[in-house]
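Hi,

Here is the structure I promised to pass on.

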Amino acid sequence: MGHLDEQFRQVEDLQDEASPNFVEEVVVVFFKDSGRLISNLEQALEKYPRDFNRWDAYMQQLKGSCSSIGASRMKNECMSFRDNCGQRSVEGCMGSLQKLKREHAILRQKLESYFQLLRQVGPAGAATRPAM
């Protein structure tokens, strides 16, 4: 459904018997970091009005995190936010941030369901990936 791209499959390919929870651990770190970055960005929007360079720097970090895990829809919203920074559009930035937060919540829900399914099927079912 476009929430994740091929990069997520590459992260999955790194999981093996020696680290059977690797992907879930990476995802947990991603959501911790991305939540912190979104919070930092919201604080920067409030504390530094119209400081598009600062806002863009926070969003660049978040975009990198999204790219590393394959969160394609979130990455697209990061790029939209950065485009709005380039156009110096406060309203555009705010709209992109709201969409980004919505995509963040949707992705979290989908990945939680995904890992719950993997735990239910156990190791034999780990090779079968549901469509994201």
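Is E42 buried, partly exposed or exposed? E42 is partly exposed, with a relative accessible area of 29%. Bear in mind that this is a predicted model.

E42 has a partner. Its side chain meets that of K101 in a salt bridge, 2.5 Å from N to O.

A search of the whole structure finds 6 salt bridges. The E42 and K101 pair is one of them. Two others are worth a look.

Start with E24 and R119. Their closest N and O atoms are 2.6 Å apart in a salt bridge. This pair also links distant parts of the chain, 95 residues apart. E24 belongs to helix α2, residues 22-47. R119 belongs to helix α5, residues 90-121. How accessible is R119? Its relative accessibility is 51%, so R119 counts as exposed, the cut-off being over 50%. E24 has 24% relative accessibility and counts as partly exposed.

Then take R54 and D51. Their side chains meet in a salt bridge, at 3.1 Å from N to O. R54 counts as partly exposed at 33% relative accessibility. D51 also counts as partly exposed, at 24%.

Best wishes

How values were computed:
Residues numbered from 1 in each chain as written. Predicted model: local features only at pLDDT ≥ 70, side-chain atom pairs only at ≥ 80, totals over all residues. Heavy atoms only, no water. Salt bridge = Lys/Arg side-chain N within 4 Å of Asp/Glu carboxyl O. Helix = DSSP H or I, 4+ residues; strand = E, 2+ residues; numbered from the N terminus. Buried < 20%, exposed > 50% of the residue type's maximum accessible area, 1.4 Å probe, protein only.
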